[in-house]
Structures are given as C-alpha cells and as structure tokens.
Amino acid sequence: MMQTKLFFNIFAVLATLLFVTPETFGQTGTIRGRVFNEKNNEPLPFTNLVIFGTNTGSTTDLDGNFLFTGIEPGFVRLQVSAVGFERKVTEEFLVTNARAANIDVGMREIDLQLEEVVVEASPFQRREESPVSLRRLGISEIERNPGSNRDISKVIQSLPGVAFTPAFRNDVIIRGGGPNENRFFLDGVEIPNLNHFATQGASGGPVGIINVDFIREVEMYSSAFPANRGNALSSVFEFRQVRGDSEKMNFRGAIGASDLALTLDGPLSENTTMIFSLRRSYLQFLFGVIGLPFLPTYNDFQFKTDTRLSDKSELTFIGIGALDQFRLNLDANETEDQRFILDYLPVNEQWNYTIGAVYRRFRDNGFDRLVVSRNMLRNFSYKYPDNDESRPRTFDYESDEIENKIRYERTTQLGNYRLIYGAGGEYAKYLNDTYQEVFFTEPFVIEYNSFLEIYKWNLFGQVTRSFMEDKLSLSFGVRTDANNYSSRMSNPLRQLSPRISASYKIRENLTFSASTGKFYQLPSYTTLGFKDNDGVLRNRENNLTYISVDHYVAGFELLPTRQTLITLEGFFKNYSNYPFSVADGVPLSSKSADFGIFGDEEVTSTSNGRAYGAELLLREQRIKNLNVILSYTFVRSEFEDTEGGFIPSSWDSRHIVNLTASQKLPRNWDIGAKWRFSGGAPFTPFDLETSRRQEAWDAQRQGYLDYSRFNENRLKSFHQLDLRIDKQYFFNNFSLMFYLDIQNVYNFQSELAPNLLRETDENGVPLPANEEGLYRLKELRNTTGTLLPSIGIMFEF
C-alpha cells in the first residue's frame with residue numbers, strides 16, 4: 001500500500017513539473033547537411049532549400065553543403081529544389097538548441113523537358129518499384145504517438161492494415177497474416193527480433209527493442225515487396241536511422257513508463273560519427289508493486305557508426321541486442337488468477353544480438369551496396385512442478401539460432417531504365433535441446449537434441465521505367481531462394497518469385513496503381529529442426545517446403561492538397577503449402593501469438609488459405625497545425641479445414657479502425673489522441689474431457705483446446721482511447737521534454753479467451769472430483785484493460 005502511494009506521489013510531482021516549468025529561452029536551433037545526386041553521390045551546388053511551410057531559406061555551396069541558423073526549435077521538414085531534379089520534401093527531424101540537426105538529402109534526376117511542368121513537392125513520397133501498399137511514419141509521429149510510450153513496435157500498430165490485440169503483446173498482424181510472416185531491416189541489415197521476450201519462430205513480444213532516439217523514418221511494405229527483400233509473406237519493414245552529430249558530442253537521457261535510456265552521439269574522427277545507447281527496464285519493480293506473479297527485466301544496446309571513406313564511398317556499422325531476464329513472483333499467490341499463472345507459466349529468458357556492416361560505393365550512373373551481418377538468439381525456458389526446484393523439471397528447453405549473411409546489390413541507371421540486381425548467401429546454425437512432458441492420448445516425453453547447418457542462397461533483379469512523360473511507370477522484378485535443407489528446397493526454380501507493378505497518373509493529383517507477385521518464406525528454424533524421439537528430422541521426412549503466397553493489390557491515390565493524402569486499396573492473398581499441425585489438425589499460423597516457442601512440432605506442408613479485403617486511408621500532415629491518420633481496414637482471413645472448407649484464422653478481425661490526431665499548440669505544447677477499434681478475433685473452446693484428466697492437466701498445468709471446434713467462438717469487439725500531452729523547453733545548450741500519456745482513457749474492459757482453472761481450496765489444494773483420476777475445473781471470464789497514466793522525461797545537452 002505504501003509503495004502504491006509513493007508511486008502516485010511521484011506521478012503527481014512529475015505531472016506538476018509538466019505544467020509549471022519555465023518557458024523557452026531562445027531560438028538558436030541549427031540545421032546543417034548536404035544535398036547530393038542520389039545516383040552517384042555528386043554534390044549539388046546552388047540548390048534551394050526552404051523550411052517547409054515557411055519563407056526561411058538557404059542555398060548549398062559548391063560542395064553541396066548548407067546551413068540554417070537561428071531556427072525555432074521543433075519538428076521541421078525541408079523543401080528542396082534544383083534544376084534537373086525532382087522537387088523533394090524531406091522526412092521530419094527535430095531541431096533543438098542543444099544540438100545541431102544533421103540531414104543529408106539525396107535528389108533524383110528527371111528529364112529536363114519535364115521542368116516545364118511545375119509540380120509542387122509533397123511530404124507524401126511515392127516509389128515506382130512499390131506504388132501500392134507502402135506506408136511511412138516520420139519521427140514526430142513516432143515520438144508522440146499516444147498510448148505507445150515511444151515503443152516503435154506499438155507505433156506501427158497505427159498503420160493501416162495492421163491489427164492489434166488487447167493482450168500485452170506487440171504482434172505484427174498485417175492484412176490477415178500471422179505474426180511470423182514479417183521481416184525487419186535496420187539500415188538495410190535484417191534484424192530477426194523486433195521485441196524483448198520474443199516468441200521464437202514469430203515476431204511478437206511485449207516491448208520493442210529498437211530505441212526511438214535512433215529512428216529517422218519507418219517504411220512498411222504490406223505488398224509489392226522489392227526484389228532485394230525476400231523471405232516475407234505479409235510485410236517488410238525498413239527502419240532508417242539518424243546519423244551522429246559531426247561537430248560535437250551530445251547526450252540524451254529518457255525516462256519512460258518502463259525503462260531508462262541513455263544515448264550518446266557525436267564525432268569519433270573527422271570522417272566518422274557515432275550514436276550509441278543503453279536501456280534498462282524497471283518492470284520488476286513496477287510489477288512487484290501491483291502484485292503480478294511474474295517479474296521481467298529487459299536490457300538492450302544499440303549503436304551505429306558512419307564513416308565517409310572518400311567522396312565516392314562510405315561505410316556504416318550497426319549493432320543491436322537485448323538481454324531479457326525473468327523470474328516468478330512466488331509471493332503473489334493470493335488470488336485464483338495469480339495461482340493459475342504461477343502454476344503453468346515457465347521461466348523464459350533469452351538474449352540476442354545483430355551486428356552488421358554496410359559498404360556503399362558510388363559510380364557515375366549508380367552505386368554498389370555490400371551488406372555483411374551476423375545475428376544470434378539464445379532462448380532458455382524451463383518449468384518445475386509446483387515451482388519446487390528440488391524436483392526434476394517437467395519442461396527444459398534451450399535453443400540457439402545463428403545466422404551469418406552477405407548480400408550484394410547494384411543499383412544503376414541505364415538511360416530511362418532503373419535497375420537493381422544482386423545476390424545473397426547465408427550460413428545458419430540451429431541448435432535445440434528439448435525435454436518436455438506432454439499428453440495426447442496418454443502421457444509421454446518429448447526429448448531430442450537437434451543440430452542443423454543450413455546454407456542458403458538467393459538471386460534477384462528488378463527493372464523500372466517511366467513512360468508518357470512520367471504518367472505511366474512499370475516495374476518488373478524476379479527473385480529466387482534456395483537452401484540445402486532438402487532436395488526439394490535446393491531447387492531454385494521451385495521458389496521462382498516474380499512481381500510486377502504499374503502506376504498511371506490519371507491527373508496530376510490522382511493515380512491508379514496495381515501490383516501482383518508471388519512470394520516465398522522458409523518455415524521457422526523450430527519447425528525445420530524438430531525431431532521425434534527416434535532422432536529423425538520428422539518434418540524433413542514429411543517433405544516440408546517453402547510457404548508461398550500470391551498477392552493481388554489495386555487502388556487509387558488522391559492528393560487534394562500537398563498536405564493531404566487519400567488512398568483506397570483492395571487486396572487478395574492466396575496462401576499455399578502452409579505448415580499444418582499433425583497433432584492438432586490446424587494451420588500452424590494461428591498458433592503464433594503466444595509467448596515462448598512457436599513451430600516446434602510435426603507438420604506437413606499441406607495447408608492453404610486466403611486473406612482479402614479493402615483499406616481506406618486519410619492522412620493530413622501539416623507541420624505547424626493538425627496532423628491526422630485515419631484508416632479503416634476490412635479483412636477476412638481464412639484457412640482450409642480437413643474437409644476443404646474455409647474457417648476463420650486467428651487473425652480474422654474483420655474490421656479495424658485507427659484514428660490518430662495531434663495538434664501543435666502555442667508555447668511548445670502538443671496534444672494528441674488515438675482511438676482504435678478491432679472486431680473480435682476467433683478463438684477455440686476447451687476440450688473439457690481431456691483437460692480434467694489429472695495426468696493430462698499435470699503435463700501442462702492448463703486446459704487443452706478442442707481443435708475439432710477450431711475457432712468456433714469469437715471474442716467481442718475491442719476499442720480504446722489513448723491521450724498524450726507533450727511539453728518542450730528549449731534552453732540555451734539544453735533541452736528538456738516531458739510527456740503525459742494516458743492509455744485506455746475510458747477504462748474499457750477487453751474480453752480475452754476464458755481461463756480454465758482447477759478448483760482449489762483456500763490453500764491452493766485441488767478439490768476432489770466425483771471420479772478418481774479427474775480434477776474439478778471451472779472457466780473464469782478473462783478480461784484486460786485499465787486506465788494507465790504514465791509520465792516520460794527526456795533531456796539532452
């Protein structure tokens with residue numbers, strides 16, 4: 001009680017500071033950077049730059065460098081124009097008194113004949129290779145997203161087509177696809193893990209790993225994937241990072257709802273900049289105060305260095321990693337729910353890292369990119385019966401996933417054709433040591449030790465050209481992937497992945513675009529490396545193969561003003577060869593949104609499915625005024641059952657609405673709100689006959705699902721309102737920023753699938769059933785949701 005009172009006293013003090021701290025001292029913000037030809041890195045002298053929405057301008061020198069001084073602090077964009085180049089509006093970036101904002105601007109050459117047509121630049125940029133299903137988020141939308149607490153994994157749930165769940169997880173569920181169907185790239189380096197306490201084999205987890213202080217812009221492809229990005233079925237995310245300050249060292253600290261972050265950036269040498277951060281959570285303390293039966297702690301690091309080797313070459317190193325620790329709070333055992341969680345929940349700890357290097361070499365008509373990286377995940381999980389460490393473990397799991405990758409890309413301009421082509425290779429190791437007591441028709445033990453060495457390779461190419469004075473653009477790409485896991489997977493012709501996109505400008509502000517493609521993804525390592533008790537790689541014997549999906553997308557894009565974007569898209573995805581659970585008789589995808597391990601079971605590549613729907617998006621983006629993102633997605637997600645009929649998958653939310661709005665106010669105040677609505681997801685009821693058997697219950701300490709009634713029931717709809725207030729103070733050489741974030745303002749109670757519990761007495765001893773060998777069970781209504789205010793503080797100097 002005293003701890004809770006102390007917590008709210010601290011909250012009250014911080015809230016008071018939010019409203020009473022003195023005002024800004026002055027306008028001394030600085031912007032510096034360089035404008036260059038994106039094709040060959042040549043500097044562009046005498047380029048005109050204007051702070052978007054103002055009359056404040058500057059011009060580049062002979063080396064393409066520019067400088068703004070005396071700029072009002074806040075988020076800004078630059079509008080850039082040069083003869084012979086397409087006009088551009090940059091992504092947003094933050095200007096403060098404490099440090100100079102550094103931004104490099106790449107410009108795209110155009111036919112000089114098109115200069116006669118004056119086209120106003122817009123912050124909504126299009127990409128010819130992916131004219132549909134590409135969405136972007138700028139840094140102000142990320143930093144100030146209500147309800148997200150600067151967690152990038154929560155922010156991306158505001159994008160159209162991205163579903164969300166009321167559970168305490170950051171699963172990435174896009175257009176009816178599962179959380180295991182996405183790929184993530186950080187400055188071109190693939191990062192397999194986006195979240196702390198990640199579900200091995202999928203993408204979900206409770207808290208994001210990426211530090212928002214590093215992020216410049218996020219791009220999400222929900223279709224029309226570029227040919228140089230493979231192994232994805234539902235989405236590809238590109239996270240672009242900032243560069244360190246080239247003039248002086250800067251320090252930034254952030255205290256959030258669950259962690260403390262420290263970031264340092266600045267020059268390492270005349271040609272090298274760096275940015276480095278550490279974070280540590282204090283969730284153990286918070287969860288202990290409110291009496292939760294589990295106490296997690298996460299730690300992470302992130303770094304980036306940029307070195308300009310010459311006028312024509314540059315080298316970037318990146319790194320990111322996490323250490324996630326966990327223990328059970330055995331003192332939190334007063335309620336039925338607490339005892340239930342303690343009874344079944346295993347201890348789960350993991351660590352992971354990714355390190356990579358990106359080398360770029362510019363040529364007269366393009367550039368080469370070489371990416372080399374290594375990533376590793378080590379995952380531990382175990383359970384003692386009744387949490388008694390003197391007894392043998394009933395579940396003991398340890399696994400490593402190690403990948404070493406290399407990818408070469410060449411981007412070139414041959415006349416009116418833009419070409420991207422290259423190849424990649426990978427050497428991967430997977431280790432698994434499993435002991436698990438389970439029950440199907442009778443108790444038995446799964447025990448195996450698995451070791452895989454997999455060599456993978458890929459080839460890709462894409463060509464793009466515009467016609468009819470840039471009114472029509474066409475792009476065609478092809479990719480193939482293969483590996484040595486089996487003879488079937490080693491044939492690259494089986495994974496031939498063509499894609500084609502077209503875009504036609506009906507009038508200057510209205511465009512029709514369409515895309516289709518076939519994409520492949522390798523099943524997870526947990527599935528590839530599963531062995532039976534005879535030591536046989538059972539899924540290789542079952543002819544496991546790549547999962548495939550066909551995408552069909554078409555839609556319109558309207559720009560009523562240069563700050564307003566309206567898009568309407570229809571989509572259809574047709575899945576083939578999806579892993580099908582032999583034990584449970586359901587597609588594996590519907591089981592990928594839980595903690596722990598996903599895919600470590602016997603499967604066959606026999607499941608087919610489909611997801612289809614429509615997506616409407618409205619964006620209003622005004623730097624000094626109101627910003628709005630409104631999206632509505634209708635989606636159906638279905639898989640075939642054993643009789644060939646279609647049944648809803650676990651991602652069949654049907655209706656998804658996201659409304660995010662923010663308003664900039666005088667005196668450096670900002671206010672924002674986010675309202676979300678999602679239709680209820682399907683769920684599978686319990687098999688009560690199996691669950692009540694003592695030998696069955698004792699094996700996994702929770703109920704068994706009745707997969708003969710797979711997703712027969714459906715949860716109620718979920719909706720939530722989040723609010724956020726930001727206040728910034730820009731002193732000379734020092735900046736101080738506060739935010740107040742309130743999640744679930746009207747305290748909506750979201751329905752989850754019910755819990756099945758053993759009936760016990762006040763001491764937790766199971767009550768006897770009427771028949772020997774059975775437990776007495778009861779279902780408990782399971783809800784989540786509470787009004788949750790939090791304060792964040794950021795300071796930099």
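Two strands are taken to pair if DSSP finds at least two bridges between them. On this criterion, the predicted model contains an open sheet of four strands in the order β3-β2-β6-β7, with antiparallel pairing. The edges of this sheet are formed by β3 (57–59) and β7 (88–89), each of which pairs on one side only. Strand β2 (residues 48–51) and strand β6 (residues 78–81) run antiparallel and are joined by four bridges. Within this pairing, Asn48 stands opposite Ser81 in β6.

Salt bridges were examined next. Side chains of opposite charge can pair when their charged atoms come close. The structure holds 66 salt bridges. One of them links Glu238 to Arg229, with the closest N and O atoms 2.6 Å apart. Glu238 is buried, as is Arg229.

A salt bridge is also formed by Asp722 and Arg676, whose closest N and O atoms are 3.7 Å apart. Asp722 belongs to strand β41 (residues 718–731) and Arg676 to strand β38 (residues 669–678), so this pair ties together parts that are 46 residues apart in sequence. Both Asp722 and Arg676 are buried.

In a further salt bridge, between Glu759 and Arg776, the closest N and O atoms are 3.4 Å apart. Glu759 and Arg776 each lie in the loop between β43 (750–758) and β44 (777–784), so the pair ties together parts that are 17 residues apart in sequence.

A nonpolar patch on the surface is formed by Leu309, Tyr359, Leu370, Val372, Ile406 and Tyr408. Together, these residues have about 490 Å² of accessible area. Strands β25 (366–383) and β26 (395–414) each supply at least two residues of the patch. Leu309, another member of the patch, lies in strand β22 (residues 294–310). With a relative accessible area of 47%, Leu309 is partly exposed; this value meets the patch criterion of over 30% relative accessible area.

Terms used: Residues are numbered from 1 along each chain as its sequence is written. This is a predicted model: local features need pLDDT of at least 70, side-chain atom pairs count only at pLDDT 80 or more; totals for chains, interfaces and linings use all residues. Side-chain values use heavy atoms; hydrogens and water are left out. A salt bridge is a side-chain nitrogen of Lys or Arg within 4 Å of a carboxyl oxygen of Asp or Glu. Buried means under 20% relative accessible area, exposed over 50%, partly exposed in between (1.4 Å probe, protein chains only). Patches are made of residues with over 30% relative accessible area and no salt bridge: like charges are joined within 9 Å, nonpolar side chains (Val, Leu, Ile, Met, Phe, Trp, Tyr) within 5 Å. Accessible areas come from the Shrake-Rupley method with a 1.4 Å probe; for residues, only the protein chains shown count as cover.
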